[in-house]
Amino acid sequence: MLVENENFILLEENNKVIMKTVKPGFPIKSFDAMTADLPRLKLHSFNELMKALQTEGEHEIGIFSAPCEVYISPSKMKAELYIHATKEDFAVNKDTYFEQAIELLESKGVLYSKELLYNMPFVPSNPMPVAIGQEPVKGQDARVLYIEMPDRKPTLQEDGSVDHYELNFVTSIAKDEWLGEKIPAQEGTPGFDIFGDVIAAKKGEDVKLVYDRKSIGEFQEDGKIVLRALHGGALEQTNGVLGVGKQLIIPEDVGTKTGSITFDGAVRVYGTVQAGFSVNATGDISIEGKEGITNAKEIRSEEGDVYIKGGVFGAGETVIEAKNAVFVKHANNAKIYGKQVNIGLYSLGSEIYADYISIDRHKGKVIGGITEARFSIECAFAGNSHERLTKLTVKGVNKEAELEEIQRLAEQLKTEHEELKKIELTLKKMEAIKNNLTLDQLKMLDKMSTTILVKQQQIMSLDQTIKTKLELVQTATPPKIEVTREAYPGVNLQIGKLSTILNRETKGVFELTGEGVLNV
C-alpha cells in the first residue's frame with residue numbers, strides 16, 4: 001500500500017498503481033502534494049486520474065517504475081539515466097542507486113564514465129545524460145583555385161599632361177605554366193555511438209575542374225591535381241571554361257614588313273597598325289603602341305575583344321569591330337562596332353554602334369558623328385560650344401515585337417524539322433533499294449543528302465537566333481542616355497522613336513517617362 005485516506009487507497013500490484021476510490025471528490029492539487037514523495041509513480045494521464053478521483057471503484061491510474069531507468073535514443077547516440085527518488089532518499093542511499101544504475105547501464109552495453117556519473121547533479125526523475133556518442137565529421141570538400149583572369153576595366157591615369165588608357169588586357173601564358181589546382185576531397189573523421197560501434201564518416205564533396213582539355217593538362221603534384229598549360233599562348237575563359245588560346249605576337253608594327261594579319265587565335269601587337277593594313281583574328285586583339293593607329297583599314301575580332309591603347313585616327317575609313325567589347329583611348333573619325341564600346345577620352349566625328357557605350361563619365365567627350373546604342377550611352381560632355389550636330393541614339397528593345405518574332409521563328413523551326421524528317425525518311429527508303437536505282441535517281445539521292453545538310457544548318461541557325469532573341473528579351477533594360485557634365489545645344493537626343501535637338505545647355509539622365517515622354 002502506497003497511500004490510504006478517507007477518499008481512496010493507493011496500491012502497487014505487479015508494478016501497476018491501483019486507486020480504490022471510496023469517497024469521490026479528493027482535490028487534484030492535494031493529490032499532487034501527496035504524491036510528491038512517490039517519485040516512482042508514473043500516471044497514465046491526467047484525465048484518467050480525474051476520473052478515478054471522482055468515481056467510486058477500482059482504477060488503474062499508472063505504473064510504479066523501477067528505481068533506475070535508462071532511455072536510449074533511437075539513433076543510439078545518447079543514453080539518459082532516470083533515478084526515481086526524492087532528494088532526501090537519494091542523499092541517504094546514493095551509493096545504492098548508483099550501483100543499480102551501473103548494473104543497468106552495463107547490462108545494456110552502454111559505454112559511460114563512472115566519474116562523470118558520480119559527479120552529475122541530481123534532480124528527482126530528471127534525465128541525467130550519462131553517455132553521448134560522437135558524431136562523424138564529414139571530410140573537407142575539394143578546393144579549387146584558378147589563375148586570376150585579367151580585369152578588363154580601363155582606367156585613365158594622369159601623369160603630368162599625358163593620359164594613359166591602361167588596361168591589363170592580354171595574359172600571355174608559357175608552356176607548363178601553372179593555371180590552377182585542386183586539393184582533393186578529404187576523408188572524414190569516424191564517429192561512434194554509445195555502444196562503441198563505429199559510425200563511418202562521409203568523404204568531402206568533389207569539385208570538378210573546368211578547363212579546355214586541348215590546351216591544359218592535369219598533373220599529380222604533392223597530393224594535388226595541378227593544371228598546367230600544354231602550350232604557350234593567351235589566357236582565355238569562354239563560358240566559364242579556362243583555356244590557352246593560340247597567340248600571335250607582333251613585336252613591332254603591322255605594316256610593310258608583316259603585311260596584314262589574319263590569325264586563328266589572339267593577336268598582340270606591341271607597336272601599331274600602319275595606314276592601309278588590317279588585323280583580323282578569331283580571338284582577342286591588343287594594339288599596345290602608345291601612339292595608337294592612324295588610317296588603318298580594319299581591326300576585327302570574330303569572337304573576342306579589341307583593345308587599342310593609344311586610340312584611333314580613322315579618317316572616316318578605319319573600322320574597329322569586336323564580337324564582345326572594344327576599348328580605345330579615343331576615336332577620331334572611325335567606325336566602331338561591338339557589344340560594349342568603352343572610350344577613354346573622346347569620340348570625334350565617329351560612328352559607334354553597340355549595346356552599351358561608355359565614354360568616360362568623368363571627362364569623356366562625344367562631339368559630332370553618330371553614337372547609337374541598344375540600351376545605354378554615358379559620357380561627361382556631349383556636343384560642343386559651337387553647337388556641332390551630335391547624334392546620341394538609344395533604340396531600346398520592343399519586347400512585344402521580339403516575342404512575336406520569336407514565335408514566328410519557332411513555327412518556322414517546327415516546319416523545318418518536319419520537312420527534314422520527311423526528306424530523311426525518303427532518303428532512307430531510297431538507300432534501301434540503292435542498287436536498283438537509275439542514274440537519274442542516284443543523282444537525286446545525292447541531291448537529297450546535300451539538302452539534308454543544308455536543312456540541318458538552317459535549323460541550327462534558327463535555333464541559335466531564337467536563343468539570342470530570348471536572351472535579349474530577358475536581359476533588356478530600359479533605354480537611357482546619361483550626360484554627367486554638359487550637353488550643349490545642337491545635340492540630338494533620341495530614345496526609341498522620340499527625339500529632340502537641345503537648344504540650351506543641360507545634363508542628367510534622359511529616358512522615357514511612364515507616359516512615354518522623353519524627359520528633356
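Colleague: Which label does tyrosine 118 get, buried, exposed or partly exposed, and what makes it so?

Modeller: Keep in mind that this is a predicted model. The relative accessible area of tyrosine 118 is 33%. Buried needs under 20% and exposed needs over 50%, so tyrosine 118 is partly exposed.

Colleague: And what about phenylalanine 98, buried or exposed?

Modeller: Phenylalanine 98 has 1% relative accessibility. The cut-off for buried is under 20%, so phenylalanine 98 counts as buried.

Colleague: Why is the pair of phenylalanine 98 and tyrosine 118 called tilted?

Modeller: Two numbers do the work, as a pair of aromatic rings is described by the distance of the centres and the angle of the planes. The ring centres of phenylalanine 98 and tyrosine 118 are 4.6 Å apart, and pairing asks for centres within 6.5 Å. Their planes meet at 55 degrees. Stacked would need under 30 degrees and edge-to-face over 60, so this pair is tilted.

Colleague: What makes you say the pair ties parts of the chain together?

Modeller: Phenylalanine 98 belongs to helix α4 (residues 94-108) and tyrosine 118 to helix α5 (residues 114-118), so the pair joins parts 20 residues apart in sequence. Both rings also belong to one aromatic cluster, together with Phe90, Tyr97 and Phe122.

Colleague: How many aromatic pairs are there by that ring rule?

Modeller: The count comes to 8 aromatic pairs. Another of them is tyrosine 337 with tyrosine 353.

Colleague: What kind of pair do tyrosine 337 and tyrosine 353 form, and how do you know?

Modeller: Their centres are 5.4 Å apart, with 15 degrees between the planes. Planes under 30 degrees apart count as stacked, and that is the name this pair gets. Tyrosine 337 sits in strand β31 (residues 335-337) and tyrosine 353 in strand β33 (residues 351-359), 16 residues apart, and the pair links these distant parts of the chain.

Colleague: What puts lysine 365 over the face of phenylalanine 381?

Modeller: Lysine 365 is 5.8 Å from the ring centre. The distance limit is within 6 Å, and the charge must also be within 35 degrees of the ring normal. Lysine 365 is listed as lying over the face of phenylalanine 381.

Colleague: What makes their 2.8 Å approach a polar contact?

Modeller: The limit is within 3.5 Å, and residues adjacent in sequence count only if both atoms are side-chain atoms. Here the side chain of asparagine 332 meets the side chain of asparagine 333 at 2.8 Å.

Colleague: How do you know that the length of helix α7 (residues 439-475) agrees with expectation?

Modeller: At 1.5 Å a residue, its 37 residues should span 54 Å, and the end C-alpha atoms are 54 Å apart, so the two agree. Among the buried residues of α7 are Leu445, Met448 and Ile452. The buried residues of α7 pack against β35 (370-382) and α6 (399-432).

Colleague: Last one: what makes β16 and β17 a pair of strands?

Modeller: At least two bridges are needed, and strand β16 (residues 216-221) and strand β17 (residues 224-229) have 6, in the antiparallel sense. For instance, glycine 217 has arginine 228 of β17 as its bridge partner. The two strands form a hairpin with 2 residues between them, and aspartate 222 in the turn has a positive phi of about 55 degrees.

How values were computed: Residues numbered from 1 in each chain as written. Predicted model: local features only at pLDDT ≥ 70, side-chain atom pairs only at ≥ 80, totals over all residues. Heavy atoms only, no water. Phe/Tyr/Trp six-rings, centres within 6.5 Å; stacked < 30°, edge-to-face > 60°. Helix = DSSP H or I, 4+ residues; strand = E, 2+ residues; numbered from the N terminus. Buried < 20%, exposed > 50% of the residue type's maximum accessible area, 1.4 Å probe, protein only. Polar contact = N/O pair within 3.5 Å; in protein donor to acceptor, adjacent residues only side chain to side chain. Expected span 1.5 Å × (residues − 1). Contact = heavy atoms within 4.5 Å.
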